[in-house]
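Colleague: I have a few labels to check with you. Can we go through them one at a time?

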Amino acid sequence: MLTNKYLNGVPETSRARDGLWFQKEFLSEDNLKRVGALNEIAQGRGQSLAQMAIAWVLRDKRITSALIGARSVEQLDNSLDALKQLYFTNAELAEIERYAQEGAIDLWRDAREGAA
């Protein structure tokens, strides 16, 4: 969800349409509002939402790598551009924290319930 792909709904070519890899309920109105707000923060930083998400993960010095799901060289190049702006101000971090919430998404709930 941390790309600009879903800001205006689910594209026809999206894997979210088949429901196998991405559940449509993840794209709730509340989640999309939060993603939209995060996108505005990213634009203010001169980054795409995906780039800001990668930079946010890498801001912690304990993190040595971030896994990205690039499906093309273009996506990989775009993701690598996150390295151009890794610094966050305290104000940016505080604003990100306002919107970076779980949003009732729990990918592991079914697996945990099945293991009980």
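Modeller: Start with the rule for a charge over a ring: CZ of Arg must be within 6 Å of the ring centre and within 35 degrees of the ring normal. Bear in mind that this is a predicted model.

Colleague: What makes Arg 59 a charge over the ring of Trp 56?

Modeller: The charged end of Arg 59 is 4.1 Å from the centre of the Trp 56 ring. The limit is 6 Å, so the distance passes. Arg 45 is listed too: its charged end sits over the ring of Phe 88, 3.8 Å from the centre.

Colleague: Why is Ile 68 called partly exposed?

Modeller: Its relative accessible area is 37%. Buried means under 20% and exposed means over 50%, so Ile 68 falls in between.

Colleague: Where is Ile 68 found?

Modeller: In the loop between helix H2 (49-58) and helix H3 (73-80).

Colleague: Which residues make the nonpolar surface patch with Ile 68?

Modeller: Leu 76, Leu 80, Leu 83 and Leu 86. The patch covers about 400 Å².

Colleague: What does the secondary structure come to?

Modeller: Five helices and zero strands. From the N terminus on, the order is α-α-α-α-α.

Colleague: What share of the protein is buried?

Modeller: Buried residues are 25% of the 116. The protein exposes about 8,500 Å², with 52% of that from carbon and sulfur atoms.

Key
Residues numbered from 1 in each chain as written. Predicted model: local features only at pLDDT ≥ 70, side-chain atom pairs only at ≥ 80, totals over all residues. Heavy atoms only, no water. Patch = residues over 30% accessible without salt bridge, like charges linked within 9 Å, V, L, I, M, F, W, Y side chains within 5 Å. Areas by Shrake-Rupley, 256 points an atom, 1.4 Å probe, with all protein chains shown as cover. Salt bridge = Lys/Arg side-chain N within 4 Å of Asp/Glu carboxyl O. Helix = DSSP H or I, 4+ residues; strand = E, 2+ residues; numbered from the N terminus. Buried < 20%, exposed > 50% of the residue type's maximum accessible area, 1.4 Å probe, protein only.
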